Structure formats: structure tokens, C-alpha cells
Amino acid sequence: DHPFLPFLHRGLNVSLATDNPLELHISAEPLVEEYAVATKIWGLSPSDMCEIARYSALQSGFDHDVKVKWLGQWYWLNSSQGNRPDMSFTPQIRVAFRYEVYHSELDYLESLNSDTYFVRAMTTREEEDKLM
């Protein structure tokens, strides 16, 4: 009952990584093996795999210049404005959906109580427009 798949389906930022590659893997490419196993076990689509790989690059400790090379100039924006499908192979509709659901859920929760405000982990469209 690993939480990876429910987390991915709920839109959480998840990634795959290797754990003890010298002990637990049988190939010379442990990360590729992790992706292959995840695809087989959870029936992940190519879009799922691209989204996971994009999240991995975003979460990595690589320098800004490397992330620009891999993901594009605006990679750090949360909306589809920050996604370059020609580089990440993640469909724009998927990134837009994750972004819009996140903000609409927080908007709904805030509407239940006018005294409640949630600090947003993702930038709003207005904030992104000002940054571009």
C-alpha cells in the first residue's frame, strides 16, 4: 500500500529515486530501472512518467542554469507558463489542471470562512504575470 500512486493522482509533487542502488538493483541504470518498475507496477502512462521526471528535475539540487537547459527559462513558474512541453514532454493541460485545482480548492476553503487565508505554496497567475 505505497502512497506514491494516490499522491500522484491527487496532484502532489512526487518523484522517483534510487535507494541503495548497489544492493537493491540488478541493472547498471538504477534510476531507469525505478521508472520501468513504476510503470509496470502502477500502470503509469507516458504523461505520468514525464510529469514525474519534470517534478524530479524541479526538486533537484541542480543549479538554475541546468534547470533552464532542461526545463526552459521560466521553469520555476507553477502554472503552464512555466512548462515547456517541447523540453519536459509534460502536456500543458496536465500542468494547467494541477495548477487550477490547487488554487480553486484553496479559494473554496477560504470562502467557507472569510477570516481564513491560506498562504499559497504556488504563485498565482497575477503574481506570475508580474514576474514575466
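How many salt bridges does the structure hold? Six, counting a side-chain nitrogen of Lys or Arg within 4 Å of a carboxyl oxygen of Asp or Glu.

Before you click, know that this is a predicted model, where local features need pLDDT of at least 70, side-chain atom pairs count only at pLDDT 80 or more, and totals for chains, interfaces and linings use all residues. Residues are numbered from 1 along each chain as its sequence is written, and side-chain values use heavy atoms, with hydrogens and water left out.

**Stop 1: a salt bridge.** Select R94 and E51: their closest N and O atoms are 2.7 Å apart. R94 sits in helix α7 and E51 in helix α4, so this pair ties together parts 43 residues apart in sequence. (Helices are DSSP runs of H or I, at least four residues, numbered from the N terminus.)

Stop 2: Now show 46–59 (α4) and 92–112 (α7). Their axes, lines fitted to C-alpha atoms over the stretch in contact, come within 11 Å and cross at roughly 65 degrees, on a scale from 0 to 180 degrees between N-to-C directions. For the contact (heavy atoms within 4.5 Å), pick S47, D48, E51, R54 and Y55 in α4, which meet R94, V95 and R98 in α7.

**Stop 3: the largest pocket.** Select G11, N13, Y55, R98 and M122, which lie nearest its centre among 24 lining residues. A pocket here is an open set of points on a 1 Å grid where a 1.4 Å probe fits, with protein on both sides within 12 Å along at least five of seven lines; lining residues have an atom within 4 Å of a point. Finally, colour α7: eight lining residues, the largest share, come from this helix.

Key
Helices (H or I, at least four residues) and strands (E, at least two) are DSSP runs, numbered from the N terminus.
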